[in-house]
Amino acid sequence: MWSRNELCYNWRMRNFIIDTDTASDDAVALVMALRQPDIDVKAITVVAGNVPLAQAVQNALYTVELCGADVPVVAGCEKPLLRPLETAQEVHGDDGMGDIGLSLQDRAPTRGHAADTLRNIIRQHAGDITLVTLGPLTNVALALLCEPELARCVSDCYIMGGIGSGHGNITPLAEFNIWVDPEAAKIVFESGLPIRMVGWDISWKYATFDAAQASEIRAIGTPLAEFVVDIQATLTDFAIAETGLSGFDLPDPITMAAAIEPGIVDFRDCRVDITTGAGLTRGLTVVDVLGVTGAPPQVKVATRADREAFVAMLRRSVS
């Protein structure tokens, strides 16, 4: 057992930036970070993806307010670098938050552009900043195009995106966040950032909640516990009907859990290349597990997660 003095001595705040296309699973990830006592969320930057940018901003602001936090929320790119925006509103609802009637209007974000915010904060905390991305990588790519040396200033970059092993959720082999803006993903994956990729395969294997498991979270009885379950309403229906799951899954929260407590998710070093084609070749994360290309690994790819530890962290976050 540690003494109080030892606990105080070992306590260290960690600096996070979260880039999000805020919909129902992103909001849960935000709750987890904002409620973590040793994490200082320096900013939440917002990108278009699950929903259009303006709605994603409002969803982030609502979540921050619900958590009683004081964190700048900054809007970024309204569309991918080279393509029109394609959203996932059929998955998360028109408002991205399950269409359950939340008041998601009229909150004002912090002035500025997300790419500039990313650049400024990363420079201010060079070597001591964790970047967690929960949506398409447009904002991050734009920041890196403006200032490539930023990649060397980030201590860890956790990306919810891609497929480490198995099938996709938007095409047979592609995951939504990478597929929406593959050109941005290619820039980010080739930038030299210290990337830890948590693919959708980790979510459906380790972060799916059936009706009984969701009820256990909701039964905690706090406003946050009810919020994180209720906003999954449309996602639950989609997951059961379209992706063959037993209930909603939480890809962004399990990525956030990996960033908060790295031992929750195991990784292996791999070369990962991004395809930028059309049709079935759009937005693939080509993971060279066996090293057959001979290219050096540049990404740590998630291989498994501790389901029990993840659920325990989620429960603590909303209790």
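Predicted model: local features only at pLDDT ≥ 70, side-chain atom pairs only at ≥ 80, totals over all residues.

1. Residues are numbered from 1 along each chain as its sequence is written, and side-chain values use heavy atoms, with hydrogens and water left out.

2. Let me start with the rings. The structure holds 5 aromatic pairs (rings of Phe, Tyr and Trp, the last by its six-membered ring, with centres within 6.5 Å; planes under 30 degrees apart are stacked, over 60 edge-to-face, and the rest tilted). Tyr 158 and Phe 267 make an edge-to-face pair, because their ring centres are 6.4 Å apart and their planes stand at 65 degrees.

3. Where do Tyr 158 and Phe 267 lie? Tyr 158 belongs to strand S5 (residues 156-160) and Phe 267 to strand S9 (residues 265-276), so the pair ties together parts 109 residues apart in sequence. Strands here are DSSP runs of E with at least two residues, and helices are runs of H or I with at least four, numbered from the N terminus. Tyr 158 is buried at a relative accessible area of 3% (buried is under 20%, exposed over 50%, partly exposed in between, with a 1.4 Å probe and protein chains only).

4. A stacked pair is formed by Phe 209 and Phe 248, with 5.5 Å from centre to centre and 20 degrees between the planes. Phe 209 is in strand S7 (residues 208-209) and Phe 248 in strand S8 (residues 248-249), so this pair links parts 39 residues apart in sequence. Phe 209 is buried at 2%, and Phe 248 is buried at 5%. Together with Phe 310, they form one aromatic cluster.

5. Two arginines deserve a look as well. The charged end of Arg 196 sits over the ring of Phe 267, 5.0 Å from its centre, and Arg 282 lies over the face of Trp 179, 3.8 Å from the ring centre. The criterion is NZ of Lys or CZ of Arg within 6 Å of the ring centre and within 35 degrees of the ring normal.

6. How many residues of helix H2 are buried? In H2 (residues 24-34), 11 of 11 are, including Asp 25, Asp 26 and Met 32.

7. Finally, Thr 130 lies in strand S4 (residues 130-133) and counts as buried at 9% relative accessibility. Leaving aside residues up to four places away in sequence, Thr 130 touches Asn 15, Phe 16, Ile 17, Ser 155, Asp 156 and Tyr 158, where contact means heavy atoms within 4.5 Å.
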